[in-house]
Amino acid sequence: MTPTCPIPDRITDRIELAHGSGGSMTSRLIERIFRPRFGNSLLDRGLDSAILPPSGERMAFTTDTFVVSPLFFPGGNIGDLAVNGTVNDLLSVGATPRYISVGFVIEEGLPIADLKQIADSMAAAAREAEVEIVTGDTKVVEHGKCDGIYINTAGIGILPPSLDLDPDNIRPDDVIIITGPIASHGMAVMSQREQLGFSSAIESDTASLGDIVHALLSVAPGLRVLRDPTRGGLAGTLCEFAAASGVNIEIVEDAIPINPRVSSACELLGLDPLHVANEGIMVAVVPPAEAEAALAAVRRSAHGADGAIIGKACAPDPEGGRVWLRLPLGNRRLIEPLAGDQLPRIC
């Protein structure tokens, strides 16, 4: 009797456990979905580890995991979010992103069409960011053990020899710049999740921001620190800056750019937009003498048209570094980091 294979090698329109077996169905998934979209000279060798060319330069290394729900939202999906988020983490320390790894944990039953759309978005985002996906892994778990798909990434970038972007560098009178409107990503995901049906769709701001970072580095040699204010939002990032540097930070409410639809949605849901996640903006702190040139450079970039100066660093008080919001009538409100997420599963 000729034994039969219990795992059929067939074409299917949904992910099956066999796609994660390491056998022929895994090979089909790689060859038909991932390799055509991500292929390059390093990935195409098919080794268990990508062998990177020597650079002899300082390197930055980051990792992240993306579990956003829902997988698709106005302006993006988990795929481009994963690439852009990893790229922006490297850019936040001034590195030029070069390589990314991707690990997929896929739920049994995910439509193959959804996986193709996610992979297409990742490939497009990688091309836009001029970064290569050079290695990866795929695992499949039983239905109900994962919410569609989770993506883990790692990224490597090259750093200029002496660049040191750190909140410790912030000094009184330094200027706070934000490169675009806040809270768009978090509210785009929430509107889709809750099926709020706004008359005008709120779109995520997910994007890689190499153009902005390179522009800032070219005109602001005294750049103190960069950060992409993702989970925890603008408030969380500024609170980290204040705690690390020991200075106070004061921002002006009317100076902070926000889409009116986003502001209305936050008000409707009782959310503070300062704490809502972003995926396509940077916070930059620069010396006062470089502020105007830095802002002009941001506004010339593809994603920085709505950039603004929103406040400055101030001398610390006896309580240590804190963040204050200057309100329209002139009074101030203390901004503190949240103990937990306003909006879970945002990235």
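Predicted model: local features only at pLDDT ≥ 70, side-chain atom pairs only at ≥ 80, totals over all residues.

**Overall build.** For 347 residues, a compact globule would come out near 20 Å, and the protein has 22 Å, which agrees. I also looked up the box that the C-alpha atoms fill: along the principal axes, roughly 85 × 50 × 35 Å.

**Helices and strands.** I found eight helices and 13 strands listed for the protein.

How much of the protein counts as buried? I get 50% of the 347 residues. The accessible surface is about 15,800 Å², and carbon and sulfur atoms hold 51% of that.

**Contacts along the chain.** I took the contacts between residues at least 6 apart in sequence and looked at how far they reach. Of these, 85% join residues at least 24 apart.

**Charges.** I noted 27 positive and 44 negative charges, with mean positions 3 Å apart. Side chains of opposite charge can pair when their charged atoms come close.

**Arg 35 and its partners.** Which side chain does Arg 35 meet at 3.0 Å, N to O? That one is Glu 31, in a salt bridge. Both sit in helix α1 (residues 24-38), and because they are four residues apart there, about one helical turn separates them. Arg 35 also forms a salt bridge with Asp 44, where the closest N and O atoms are 3.6 Å apart.

I checked how open these residues are. Arg 35 is partly exposed at 24% relative accessibility; the cut-off for buried is under 20%. Glu 31 has a relative accessible area of 42%, so I put it down as partly exposed. Asp 44 is partly exposed too, at 41%.

**Arg 227 and Glu 240.** I then moved to another salt bridge, where the side chains of Arg 227 and Glu 240 meet at 2.6 Å, N to O. Arg 227 lies in strand β8 (residues 225-227) and Glu 240 in helix α6 (residues 233-245), so this pair ties together parts that are 13 residues apart in sequence. Arg 227 is partly exposed, with a relative accessible area of 22%. I have Glu 240 as partly exposed at 46%.

Note on methods:
Residues numbered from 1 in each chain as written. Heavy atoms only, no water. Helix = DSSP H or I, 4+ residues; strand = E, 2+ residues; numbered from the N terminus. Rg over C-alpha atoms; globule rule 2.2 N^0.38 Å. Buried < 20%, exposed > 50% of the residue type's maximum accessible area, 1.4 Å probe, protein only. Contact = heavy atoms within 4.5 Å. Areas by Shrake-Rupley, 256 points an atom, 1.4 Å probe, with all protein chains shown as cover. Lys, Arg positive; Asp, Glu negative; His and termini not counted. Charge placed at Lys NZ, Arg CZ, Asp CG, Glu CD. Salt bridge = Lys/Arg side-chain N within 4 Å of Asp/Glu carboxyl O.
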